[in-house]
Amino acid sequence: MKNAELLKELRIERHEREDHGHGPGRWPWIAGGVLVVVLAAGAGGWMLWGHPALEVKTAAAVAPTAAAGPGAVLQATGYITARRQATVSAQITGTLTEVLIEEGDRVQKDQVLARLDDNAYRAALDAAEANARATEAQVLQLQAQLDQANRDAVRAHTLATSGLVPKQQDEQARTLVNTTAAQLNAQRKLAAAAQAQAKQAQVNFDYTVVRAPFTGVITVKAAQVGEIISPLSAGGGFTRTGVGTIVDMDSLEIDVDVNEAYIGRVQAAMPAEAVLDAYPDWKIPAHVIAIVPAADRGKATVKVRVALDQKDPRIVPDMGVRVSFLEKAAPKQAAEPPKGVLVPAGAIAQRDGHDAVFVVSGDTAHERAVQPAPQAYGEMRLLPAGVQAGDTVVVSPPEALKDGMRVKSAANP
């Protein structure tokens, strides 16, 4: 009896059962949700990849230096150049028998760098010197004859005055003196010509030895033993025009190209500070030597020569360098560089009432809110945060540029 009552309590009434056989159920809602997700993904993909990439100008964010502080009025890039360098060659054409230099060797003025085959020039020198000695001997011979002729003339004159010899003999003696004197004068001129020829032969012989024109460092070795060198280009690959290149490291300076729109900020003797690309943490004191009075029409720049106030073996020709032109002389101990990075002023744009820059990652531009420092650094602005050194930023971002849009650099379309 109790079991029957328990079974009755477990029975489900008809009105309490779910209606499984009528109505659509839950699957249409699931299908609708999937469709909405697919449409949203398609719309997002069309927004990202449906439009062509926007062409923009870009620049790299750089870490500031101590010289890029408020004292810097302008920054420019350039290269280390040697004011005095030379490709050393012989003044005659000949075959190299010795090459005594290697790249990196430091040489002194008049040091021997190479020697040419000198057999022909030595023979010519010996012949010229022998001829000079022969003419000198003839001068001595004629001088002795002239001395004797003078003595004979004196005796003949004495005897002719006394009437012991005819006057004709006296006249012949004086004529011999004059003739011998004329021969001696001519021979002396021949001796001088022979001496000049000997000197010329000596000069040509000396040309077989190549010497350093000034103290410096060998940067290029251009020829080897057995090759022919010539001061004139003979064409082809068998004749060298030089033995090597020597650079006076004490004459190193910087050549920078300054945009002509800002050249008015640079003055002669203006203090500056240079930072080599190879040693970004090394600040070299410098000053302006001169502003070259000529502009480059193609680049719209003016060349400025900058002297390095500190010499160092690490500074070599053709190194890249960044120069900061200063309002006043840099302090002896450079201040710590400001925190953050420097970007072109045009890279900072207004978006929704705040300053922002667009950082390019791959082919996508990402908007980042920034707060630029109040002081200016020439044409650059300091961003204390939001951008890292080496990041690529968009310069003069167009109004159509939005966060997440695809972009391509104008320099690499």
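Start your tour at a hairpin: select strands 13 and 14, which are joined through six residues. Strands here, like helices, are DSSP runs numbered from the N terminus (E, at least two residues, for strands; H or I, at least four, for helices). Two strands pair if DSSP finds at least two bridges between them.

Before going on, a word about what you are looking at. This is a predicted model, in which local features need pLDDT of at least 70 and side-chain atom pairs count only at pLDDT 80 or more, while totals for chains, interfaces and linings use all residues. Residues are numbered from 1 along each chain as its sequence is written, and side-chain values use heavy atoms, with hydrogens and water left out.

**Stop 1**

Select residues 271–276, which make up strand 13. Five of these six residues are buried, so the strand is largely enclosed by the rest of the structure. Buried means under 20% relative accessible area, exposed means over 50%, and partly exposed is in between (1.4 Å probe, protein chains only).

Which residue of strand 14 stands opposite Ala272? It is Ala286. In strand 16, Ala272 has Phe325 as its bridge partner.

**Stop 2: Thr301**

Move on to strand 15 (residues 301–308) and pick out Thr301. Is Thr301 buried or exposed? Thr301 is buried, because its relative accessible area is 12%. Show its contacts (heavy atoms within 4.5 Å). Leaving aside residues up to four places away in sequence, Thr301 touches Asp257, Val258, Asn259, Glu260, Ala294, Ala295 and Asp296.

**Stop 3**

Next comes an open sheet with the order 3-11-8-5 and antiparallel pairing. Strand 3 (85–88) and strand 5 (106–107) stand at its edges, each with a single partner strand, so one side of each has no neighbour in the sheet. Select strand 11 (residues 244–247) to see the antiparallel partner of strand 3, joined to it by four bridges. Gln85 has Val247 of strand 11 as its bridge partner.

**Stop 4**

Another open sheet has the order 7-6-4-9-10, and here the pairing is mixed. Its edges are strand 7 (209–211) and strand 10 (239–240); each has a single partner strand, so one side of each is left without a neighbour in the sheet. Look at strand 9 (residues 228–229), which runs parallel to strand 10 and is joined to it by two bridges. Opposite Ile229 you will find Arg240 in strand 10.

**Stop 5: two loop residues**

Select Asp110, in the loop between strand 5 and strand 6 (112–116). Its phi is positive, about 70°, although Asp110 is not a glycine. Asp110 counts as partly exposed, because its relative accessibility is 44%.

Then go to Ser396, in the loop between strand 23 (392–395) and strand 24 (407–409). Ser396, also a residue other than glycine, has a positive phi near 55°. With a relative accessible area of 53%, Ser396 is exposed.

**Last stop: confidence**

Colour the chain by pLDDT, the predictor's confidence in each residue, from 0 to 100. The mean for the protein chain is 83, and 80% of its residues reach 70 or more. Over residues 18–23 the pLDDT is below 50, and this stretch has zero contacts in the model beyond near neighbours in sequence. Where pLDDT is low, the predicted coordinates should not be read in detail.
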